[in-house]
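Here are my notes on the model, point by point. Please read them with the coordinates open.

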Amino acid sequence: MKCPYCGYGESKVVDSRSTEDNMSIRRRRECLKCSRRYTTYEKIENVPILVIKKNMNREYFDRTKIINGLIKACQKRPVSRQQIESIADEIEKRISNEMLTEVNSEYIGEMIMEYLKNIDEVSYVRFASVYRQFKDINTFMEEIKNLISDK
Ligand SMILES: [Zn+2]
């Protein structure tokens, strides 16, 4: 596993613990070259979950995609990497708890928005604007109004 900061291939494990659901092990690692820390997860490879996209194509569920989408939406916002990871964890957990083997990308998008809404509204609106592909300023304003009236 390469260090995400410097690309060095060796690290030492500084902490190792099971996640709450006991389905995976989270390890904190320290790069032996640059000494920065990062996290890896080890988990049982289970039945792949397929995501049905808007165009009806199917692709494998990919946690990284959720995280990347969130990182984009949360840029320069007070949302930590930890919070982003835990949203992705929650979503993965919910899908596996529901024993789904196929899930609509919309369903995932709605779940992400649900979590994001409670964490940071600006990130939420950003995510929603990409995800719901607001066609014009009116749909966008509509979403903002809903957000305000939810309070
Ligand atoms: Zn490094």
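1. **Ground rule for the charged pairs.** A salt bridge here is a side-chain nitrogen of Lys or Arg within 4 Å of a carboxyl oxygen of Asp or Glu. The model is a predicted one. By that rule, the side chains of Arg-63 and Asp-89 form a salt bridge, at 2.6 Å from N to O. The two partners come from distant parts of the chain: Arg-63 sits in helix 1 (residues 63-73) and Asp-89 in helix 2 (residues 81-97), 26 residues apart.

2. **Accessibility of that pair.** Are both ends buried, or is one partly exposed? Arg-63 has a relative accessible area of 14%, so it counts as buried. Asp-89 is at 24%, and is therefore partly exposed. The cut-off that matters is 20%: buried means under that value.

3. A network of salt bridges links Arg-63, Arg-81, Glu-85, Asp-89 and Glu-92. Over the whole structure, the search finds 14 salt bridges. As background, side chains of opposite charge can pair when their charged atoms come close.

4. Three strands make an open sheet in the order 1-2-3, and the pairing is antiparallel. Strand 1 (11-18) and strand 3 (37-43) are the edge strands, each pairing on one side only. From one strand to the next, the twist averages 25°. Strand 2 (residues 24-31) pairs with strand 3 in the antiparallel sense, over seven bridges. Within this pairing, Ile-25 stands opposite Glu-42 of strand 3.

5. What does Glu-42 meet in a salt bridge? Its partner is Arg-27, with an N to O distance of 2.9 Å. Arg-27 belongs to strand 2 and Glu-42 to strand 3, so the pair ties together parts that lie 15 residues apart in sequence. Glu-42 has 43% relative accessibility, so it counts as partly exposed.

6. **A second pair to check.** Glu-30 and Arg-37 form another salt bridge, with the closest N and O atoms 2.9 Å apart. The two ends fall in separate accessibility classes. Glu-30 is buried, because its relative accessibility is 14%. Arg-37 is partly exposed, because its value is 41%.

7. **Ser-24.** This residue lies in strand 2. Its relative accessible area is 10%, so Ser-24 is buried. Which residues does Ser-24 contact, leaving aside neighbours within four places in sequence? They are Arg-17, Ser-18, Thr-19, Tyr-41, Glu-42 and Lys-43.

8. **Cysteines.** How many disulfides does the model contain? The count comes to zero. For two cysteines, the accessibility values are worth noting. Cys-31 is at 1% relative accessibility and so counts as buried. Cys-34 is at 26% and so counts as partly exposed.

9. Ser-35 is in the loop between strand 2 and strand 3. Its phi is positive, about 65°, although Ser-35 is not a glycine. At 45% relative accessibility, Ser-35 is partly exposed.

10. **The loop between helices 1 and 2.** Lys-76 also has a positive phi, about 55°, and is not a glycine. Lys-76 lies in the loop between helix 1 and helix 2. It is exposed, because its relative accessibility is 83%.

11. **The nonpolar core.** The largest nonpolar core has 27 residues, and those touching the most other members are Ile-66, Ile-91, Ile-95, Ile-108 and Leu-116. Helix 1, helix 2, helix 3 (105-119) and helix 4 (121-131) are the elements that give two or more residues to this core. Helix 3 gives the most, with six residues. In soluble globular proteins, nonpolar side chains tend to be buried together.

12. **Ile-91 in detail.** Which residues does Ile-91 touch, not counting those up to four places away in sequence? The list is Ile-66, Ile-108, Met-111, Ile-112 and Tyr-115. Ile-66 and Ile-108 are also among the core residues that touch the most other members.

Notes: Residues numbered from 1 in each chain as written. Predicted model: local features only at pLDDT ≥ 70, side-chain atom pairs only at ≥ 80, totals over all residues. Heavy atoms only, no water. Pairing = 2+ DSSP bridges. Helix = DSSP H or I, 4+ residues; strand = E, 2+ residues; numbered from the N terminus. Axes fitted to C-alpha atoms, helices over the stretch in contact; angles between N-to-C directions. Buried < 20%, exposed > 50% of the residue type's maximum accessible area, 1.4 Å probe, protein only. Disulfide = S-S within 2.5 Å. Contact = heavy atoms within 4.5 Å. Core = buried A, V, L, I, M, F, W, Y, C linked by side-chain atoms within 4.5 Å.
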